[in-house]
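Please look at the sequence and the structure before reading on.

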Amino acid sequence: TLARAPPECARPWRPLSIRRLARRVRSAPRCARACAGCASAPPRRECSPRGPAGACAEASPKGRKAGRVCRSRPPRLSGTRCLAEGRYDEALAAVRKEKRQRPGEAAGQALTECAALLGLGRYGDVVLVATRALGRSPQDVDLRARLRVIRGEALWRSGRWKAGEQEARKGLSEAQALHTRARALELLGAMAWRQQALDQAQEQLESAQELYAERGSAWGLFRVYGTLACVLGDRGRLEEAVALQERRLELALDLRRVDLSAVARAERGVALAALGHWNAARADLDTASEILDRLAGTSSGWIEPSRAALDLAAGNLTAARAARARFPKSSEGCPRATAEALLIRSDLELASGAISEAESCAGEALRLFTVAKDKEGSGRSRLRRGLALIEQGRCEEAIREARRVRTASAPCRSGQFGLALLVEGRALLRLGRPAARVFGVPEQLPFDSRS
């Protein structure tokens, strides 16, 4: 038996038979094959560490002859792991590579691909991939339910509200795992919130919260707390909404996701602005924007509408216009995002005295919110349009818009109800009619709006 030679290889090199050499190479560690420390190879060059694992620079006699070197391979990227870390671009590339290498796992890979596309805002592609996967009739019933839920969310976010709700309800009825059921309830709760069915939304979101807590899903709790904070804010319970955003910050730290902490800070800033804490709100928005700008693959463009609204409220039109210029260039097929940008532009035009442009932007935002079945956004659009109509002298139309908002908002959203009263009263004053009946009804407001 040949003993290993010392590193300097003082003994002369002895040739081995091809069979014994192959057996020795197969039994050696991958990155230590044919090293200078092995008696089966001549000590021509020393091994040099390459890469994080310190791999050998020699691969095999054939590799040395061709001038190739052996470098330790980086760990294979997992689509699921990248997805959990919020790296949606890398997750998409990894799962598509996995689909080419292991085509037998099509349904599970399609679900990961849909989640990555959803994170990137590519809702049309999500619908396409999920529809193809469902067309193959996956054997796993719960996996089929999860595909239905994610397809329903993409349909809803792209403006096909009715089809999205139907798909989400099908997913809920087929769901077997706790996480799948919680995800379906979370989506239905978000849909109900946008429809301003706040009681139904809160019930579904709290059910989803219980299921996520039972399963120990911090990422699920982070999402559901965000929507639940919006519901509480619409009810006028802004302090509770801020408290939920604080809990989201803690969850982001537990998940070690800096991007999620930025999201929670930005949304806490919106709630603080509604409470009148403008300096604290601006600090949160600025901090969130700085964090996202430092991270690779993220953008702070979605924060700019909130920053512009805060600048408008403070009367700083120059800063509001600068924030408006930083809005995302494309909404990726999401009518709601486009409508939000139009509302900010309407406010800017109205404050600048461009009344016709303000009314046009508010009208287009109203159309998009109507397509998306977003009653809360439609109410805000009607109020903006009403203010522009008053400045144009079309007070009767402004009164009709304000009364539509009052009819839709009285049972649920006290803030919009109060603003609708102001718009209607202002229009009546312009017409020379008595407005005391409109301004003198604080007892009709819900209790939680009197603060």
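This is a predicted model: local features need pLDDT of at least 70, side-chain atom pairs count only at pLDDT 80 or more; totals for chains, interfaces and linings use all residues.

Residues are numbered from 1 along each chain as its sequence is written, and side-chain values use heavy atoms, without hydrogens and water.

**The aromatic pair**

- The structure holds 1 aromatic pair (ring centres of Phe, Tyr or Trp, the latter by its six-membered ring, within 6.5 Å).
- The ring centres of Trp219 and Phe222 are 5.9 Å apart and the planes are at 25°, so the pair is stacked (planes under 30 degrees apart).
- Both residues lie in helix 11 (residues 218-234), 3 residues apart, about one turn of the helix; helices are DSSP runs (H or I) of at least four residues, numbered from the N terminus.
- Phe222 is buried, with a relative accessible area of 2%, whereas Trp219 is partly exposed at 33% (buried is under 20%, exposed over 50%, partly exposed in between, with a 1.4 Å probe and protein chains only).

**Helix 8**

- Among the buried residues of helix 8 are Trp161, Glu165 and Leu172.
- Seen down the axis of helix 8, the buried residues fall within an arc of 165°, so they line one face of the helix (the arc is that of the directions from the helix axis to the C-beta atoms).
- On the other side of helix 8, Lys162 and Ser173 are exposed.

How values were computed
Rings of Phe, Tyr and Trp (its six-membered ring) pair if their centres lie within 6.5 Å; planes under 30 degrees apart count as stacked, over 60 as edge-to-face and the rest as tilted. Helices (H or I, at least four residues) and strands (E, at least two) are DSSP runs, numbered from the N terminus.
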